[in-house]
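Q: I would like to learn to read a model like this one. Can we take it feature by feature?

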Amino acid sequence: MNLDQIREKLLARKAEIEARLQRTHKHIYLKDEPVSANFNEQIKQTENDELVMTLEAEGREEINQIDHALQRLSDGSYLSCTTCGEAIGEKRLQVIPYAEQCIACASMTGPDRS
Ligand SMILES: [Zn+2]
């Protein structure tokens, strides 16, 4: 398994999320349209903002996971499950490059399912 390649992949993914977060951030906080006078329009707008904020929170969470994976790549623990210490498995890491648990542990504890 090529760890340099994984690192590249993680960094690319992180850059992509950061770019997206910047866009959604602008969407929420730098609105230039005046608040709509129409009540239904306002509700739609609010729902949209909530969705955007949910996406933003998910993006930040994913960045945290990526940072953690990069840390694990540096200290050499990347390939081992944080719970049982067994190999996480190449196939699983290709699907979820920031997975920290093997599939058995993840299915018992984690939100980290594939
Ligand atoms: Zn495990």
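Q: Among contacts between residues at least 6 apart in sequence, what share joins residues at least 24 apart?
A: Start with separation along the chain. This is a predicted model, and in its chain 49% of those contacts join residues at least 24 apart.

Q: How many helices and strands are there in the chain?
A: Count the elements, then read their order. There are 4 helices and 0 strands. From the N terminus, the order is α-α-α-α.

Q: How far does α2 reach from its first C-alpha to its last?
A: Compare the span with the expected one. Helix α2 covers residues 39-75. Its 37 residues reach 54 Å, close to the 54 Å expected at 1.5 Å a residue.

Q: How many of the residues of α2 are buried?
A: The count is 1 among 37, so by the burial cut-off of 20 or more C-beta atoms within 10 Å, α2 is hardly covered.

Q: Where is D49, and why does D49 count as partly exposed?
A: D49 is in helix α2. D49 counts as partly exposed because 14 C-beta neighbours lie inside 10 Å. Now look across the chain. D49 and T24 are 25 residues apart in sequence, and their C-alpha atoms are 9.3 Å apart in space.

Q: Which residues does I6 touch, not counting residues up to four places away in sequence?
A: Read the contact list. The partners of I6 are L73, L93 and P97. I6 and Q94 are 88 residues apart along the chain, with 8.2 Å between their C-alpha atoms.

Q: Is R7 buried, exposed or partly exposed, and why?
A: R7 is partly exposed, because 16 other C-beta atoms lie within 10 Å. R7 is placed in helix α1, residues 3-29. With residues up to four places away left out, R7 touches L70 and L73. L73 is also a partner of I6. In space, R7 and S74 are 9.6 Å apart, C-alpha to C-alpha, at 67 residues apart in sequence.

Q: What about D4: buried or exposed?
A: D4 counts as exposed, because 8 C-beta neighbours lie inside 10 Å. D4 lies in helix α1. The C-alpha atoms of D4 and L73 are separated by 9.0 Å, at 69 residues apart along the chain.

How values were computed
Residues numbered from 1 in each chain as written. Predicted model: local features only at pLDDT ≥ 70, side-chain atom pairs only at ≥ 80, totals over all residues. Helix = DSSP H or I, 4+ residues; strand = E, 2+ residues; numbered from the N terminus. Buried ≥ 20, exposed ≤ 12 C-beta atoms within 10 Å, placed from the backbone. Contact = placed C-beta atoms within 7 Å. Expected span 1.5 Å × (residues − 1).
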